[in-house]
Amino acid sequence: MRAARLIKMVLLLQSRPTMTAAELARELEVSERTVTRDAQALSEAGVPVYAERGRAGGYRLIGGYRTRLTGLARGEAEALFLSGVPGALREMGLEDAASAARLKVSAALLPSLRDASRTAAQRFHLDAPNWFREPRTPELLPAVADAVWDDRRITVRYRRRGAQPQGRADAEASRGRSADVAEEEVGRELEPYGLVLKAGVWYLCARVAGGGSFRVYRIDRFTAVDAGEERFARDEEFDLPAFWAERAEQFARSILRAEVVVRLSAEGVRRLPHVMDPPAVREALDAVGAPAGDGWVTVTLPVESEEVAHTQLTALGPEVEALAPEGLRQRLAQDARRLAALYRDEGRPGASVPRQSGDA
């Protein structure tokens, strides 16, 4: 424990010209008296720690005691500090390791580059979870992450939805709807290849042990994870980003099993990619001709179902008219009649009270 603290103290002093005893105590989570003893121990071990007294005093290293990464340019150093996702590292149980790594890199950089971590952090931040969803870290994520790093096989039990095609239940959950299907708990032996954080949800990309196919599992559906000591031979040809991109595209297309025909105003065309799958919208719009004389276009759109299309198209209000299927047209017509009834009596109390709005 003390050895690790002494190493961290040296790295801190390498990364900054001078640090007071109070600053070191705060970083090392010890008392100032312990800092004094540690500095003395380092000095006795041959590390040139020098203590300056007075208001502007503190501890510093002398004699050029440092290791430098002289090959890094400023842009490269700043990009290096952008490579970590703090929230994701914390959820995987790697926050301490990442912090130590950043400290070591900072200590090794040339003095002119030591502000790279600060300049990068002040300019870019990744907030992975979706809006209006409370992010929840799967309890078993750290155990899965450990197995991924060590290439160790895991035996898992997970809740599988049996009545829907693969991926459909995930789509329902991502929209905040419950899938009215029975669940069954099954077991698998997996070779965990990689983790993906998508819109606040953690997924495991793994191969079924024994040469099976690669699959994607939602980690919050795992009920048990047992990581043994057996390691698997990793397929060096496996490319996690490419695999995820391919599966994501397959998933997006697999759930679009129905079609609707709609008319859209120019404003409706502009807003459509914000309420439906953007790639599917682009393909559908590319297939239509020029707008009619009134500026509206007729489009055939792939959708999950009539119910989902109803929810999505409602967001476009009067900028869309459903032509088919008839059931969808009737749903939107009923919505329009209900809205008209709500706003028919403009003179009733409270009808003209302006609404407050704020930033998103």
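Which residue of β10 stands opposite V262? To find the answer in this predicted model, select V262 and then A322: the residue opposite V262 in β10 is A322.

The three strands make up an open sheet in the order β9-β8-β10, with antiparallel pairing. At its edges lie β9 (297–303) and β10 (320–324), each of which pairs on one side only. From one strand to the next, the twist averages 35°.

**Second stop: the largest nonpolar core**

Select V144, L190, L195, L204, I219 and F222; within the largest nonpolar core, which has 20 residues, these touch the most other members. The elements that each supply at least two residues of this core are α8 (141–150), β3 (152–161), β4 (183–198), β5 (201–208) and β7 (222–231). The greatest contribution comes from α8, with five residues. Now centre the view on V144: beyond residues up to four places away in sequence, V144 touches L195, L204, I219, F222 and V225.

Is R207 buried or exposed? Select this residue in strand β5. R207 counts as buried because its relative accessibility is 16%, under the 20% cut-off. Its side chain makes a polar contact of 3.1 Å with the side chain of Y193. Leaving aside residues up to four places away in sequence, the residues that R207 touches include E189, L190, E191, G212, F214 and D235.

The structure holds 17 salt bridges. Begin with R153 and E191, whose side chains meet in one of them at 3.2 Å, N to O. This pair links distant parts of the chain, 38 residues apart, with R153 in strand β3 and E191 in strand β4. E191 is buried, at a relative accessible area of 5%.

Then select R157 and E185, a salt bridge in which the closest N and O atoms are 3.1 Å apart. Here too strands β3 and β4 are linked, through residues 28 apart. R157 is partly exposed at 36% relative accessibility, and E185 is partly exposed at 42%.

Finally, move to R329 and E321, where the closest N and O atoms of the salt bridge are 2.9 Å apart. To close the tour, select R153, E189, E191, R207 and E230 together: salt bridges that share partners join these residues into one network.

Definitions and conventions. Residues numbered from 1 in each chain as written. Predicted model: local features only at pLDDT ≥ 70, side-chain atom pairs only at ≥ 80, totals over all residues. Heavy atoms only, no water. Pairing = 2+ DSSP bridges. Helix = DSSP H or I, 4+ residues; strand = E, 2+ residues; numbered from the N terminus. Axes fitted to C-alpha atoms, helices over the stretch in contact; angles between N-to-C directions. Core = buried A, V, L, I, M, F, W, Y, C linked by side-chain atoms within 4.5 Å. Buried < 20%, exposed > 50% of the residue type's maximum accessible area, 1.4 Å probe, protein only. Contact = heavy atoms within 4.5 Å. Polar contact = N/O pair within 3.5 Å; in protein donor to acceptor, adjacent residues only side chain to side chain. Salt bridge = Lys/Arg side-chain N within 4 Å of Asp/Glu carboxyl O.
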